[in-house]
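Here is a short briefing for a first look. Keep the sequence and the 3D view open while you read.

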Amino acid sequence: MRAVDAIMECLKAEGVEVVFGLPGGANLPTYDAFVDGGIRHVLVRHEAGGGHAAEGYAKATGRVGVAFATSGPGATNVVTPIVDAMMDSVPTVFITGQVRTDLIGTDGFQETDTLGITMPVVKHSFQIRSPLEIPRAIHEAFHIARSGRPGPVVIDIPVDLSRADIAYAPVTDLHLPGYQPNVDGNTKQIRQAAKAMASARRPVIYAGGGVVNANASQELVEFATSDRFPVTCTLMGLGAFPAPHPQWLGMLGMHGTRTANYAMDEADLICCIGARFDDRITGKLSEFAPHAKFIHIDIDPAEISKTIPAHIPIVGDCKNVLTKLVKEYRALEVDTSRTDEWWEKIGAWQKKYPLAYTDSTDAEIKPQFMVQALYEATGGDAIVTSDVGQHQMWAAQHYHFNQPRRWINSGGLGTMGFGLPAALGAQVGCPDATVVCIAGDGSIQMNIQELATCAEDKIPVKVFIMNNGYLGMVRQWQELFWDKRYSHVDMGSFPDFVKLAEAYGATGMRFTDKSTLVDDMKAALATEGPVVVDVRVTREENTYPMIAPGQAAREMVG
Amino acid sequence: MGEPGTKELLSLDELEATANAHSGRKHILSILVENKAGVLTRIAGLFARRGYNIDTLTVGPTEDEQYSRITLTFDGAMHSVDQVTKQLHKLINVLKIRDLEPADTVARELALFKVAVEGAQRAEVMQISEIFRGKVVDVTRRSIIVEITGTTDKIEAFERMVRPFGLIEMMRTGEIAISRGRGET
């Protein structure tokens, strides 16, 4: 069997139903195998689009996303998605072509050191040196990508090796002696955590993307409701706990709710589940949650006590740990009234500091209003992807996610241009779902070529561009912290997104009036095929509330 | 300290204070890795990108050809050692890491010294070498090469002794280390 046909067999054995990619010289043989391979291939227009599509697919479905690229520029184009997948722990496998073995190291045409370039940003990588290594590498790659803390794995295959004739036999025994993720969680530590939670007077559960990755939302809800624990989620964790819910405080961090941030600030015990105390969460580290002790549950031991020393560290899969934690907690005799005072305080914050904004008095669409309108138009029942910037924060604040895997965005790396290809991937993975992308007028242009992919492959994503004509978040920082000396943030009035959408074979619309916005959006959502809506919003609106950089949570502004 | 996003100016002193945040006693890490291409790059790269400085690094085969041993020394406060170890463990090819306690460890380094000597100085350098249990491995009319094995301290002491004669070159391997007693390192 040709090695490339073995690749197809391996992918099928791993349950792969779709690959996102773009062919080139160094993966010509692999693409030949797609002709009869029995695996769907979505031809993207740029390898970065393919990488982000694989991420969107993985985040929406929980399965491993797969992207193919050729050598040289093909491989360097997927570097951004690889880093993005590393930062946000997205299970992905990237298979890149490489120049033939006798050209390696000679600066051959389209040669680049793909392994070297990606080494700092992958969970693991394989350089194929013999065609016989290919099947094992693929199976090990999938195992590594999806287990433990998920992440991207790169397999680099020289073109001559992919043309080899090999005897293919399925690989069932993986040999990874240095890789044994600890998933169970230490029972004694879990018991201790339960006891600590039972005696805490001002507890907070702070949950992150790890809960989503572990499919542990149900367990999180059970744990939170086994008492009356207040819950906040990170940007990556939204949907892990259903919003709205009486115990839901909203998102925390730089643009989180005051309630969530104040609760962290005054908590006596914080139970961090599948999150990593990112600087966007902690603000000024020395003043972060000054009264709290910390329980830290994470699959990755390196995250525990990395920035915030944990009093009760628990290494394990969130689902396993939470299941045991619920059991331990229910076995305890707990005085649930001990948190009454705490809830009084939280209730007062919620009442005093709702997520508010001043609406326009005319037809002008405020960006927050736009997200609320979309929430209404979709019945809160869509997969929402976003790019990076103000629109991302407003989407996170005002679209209330009541299920996991509904909110797909680039958190750690903050990659502009993520939203559209991620929506494409999510739609391929969930063909029956409504998939909308909330984009910025800056971000959308960084991977807008994927509209052609959507049109050609009939992938009916609905893109809502929050168009303020600015690189809005940078503008906001220049306004607030650089004396409003605007430097290169004005995007002007081009392109015409409606015409552009039509040129790409999508439907283009433009909405400017808030009074009809919900109905207009419903019409857009009901339109067949991909749709791009240019929503004109207030030009200079700031994302609030905000913890200014380097400040503590209690100093939130706006 | 401010963030890059704010216009507050950073003084160089502040930057230096950040850079020096981790320093403490010397650590010897003994790392058992799979004998595969690229493993050393992964380890060296991890140190570079996490901002840890490697003092010495040696790599060699072990009693089992599937594995190699990397002995690595660096300066670090206890907190960062914990992070370094955990981060190293995340590398798929890393099997085992020991942060060796100096008291329970035999550590050795090999060094070669090329010293400029003329006339009576030669005898003097040879005498010093003998005290350090060194071996003269090459002699010419105007130079001598001495081989010294021992702990880093011993080698540094020898260096101090011969430098005044005119130290032409010095080559050091970096330390290798093994735990005392019957148990495996």
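**A strand pair in chain A**

In chain A, strand E17 (residues 507-511) and strand E18 (residues 531-536) pair in the parallel sense, over five bridges. The model is predicted.

- One bridge can be named by its residues: A:Thr507 has A:Val531 in E18(A) as its partner.

**Domains of chain A**

- Chain A has domain 1 (3-162), domain 2 (187-352) and domain 3 (367-536).
- Between the C-alpha centres of domain 2 of chain A and domain 3 of chain A there are 31 Å.
- These two domains touch: 12 residues of domain 2 of chain A are in contact with 13 residues of domain 3 of chain A.
- On the domain 2 side of that contact, nine residues are nonpolar and three are polar. No charged residues occur on that side.

**Where chain A meets chain B**

- Chain A gives 19 residues to the contact, and chain B gives 21 residues.
- On the chain B side, helix H2 (39-49), helix H3 (78-90) and strand E4 (94-100) of chain B supply at least two residues each.
- H3(B) brings the largest share of that side, with five residues.
- By class, the chain B side has nine polar, eight charged and four nonpolar residues.

Technical notes. Residues numbered from 1 in each chain as written. Chains lettered and ligands numbered in written order. Predicted model: local features only at pLDDT ≥ 70, side-chain atom pairs only at ≥ 80, totals over all residues. Domains from an automatic or database assignment. Contact = placed C-beta atoms within 7 Å. Nonpolar A, V, L, I, M, F, W, Y, C, P; charged D, E, K, R; others polar. Pairing = 2+ DSSP bridges. Helix = DSSP H or I, 4+ residues; strand = E, 2+ residues; numbered from the N terminus.
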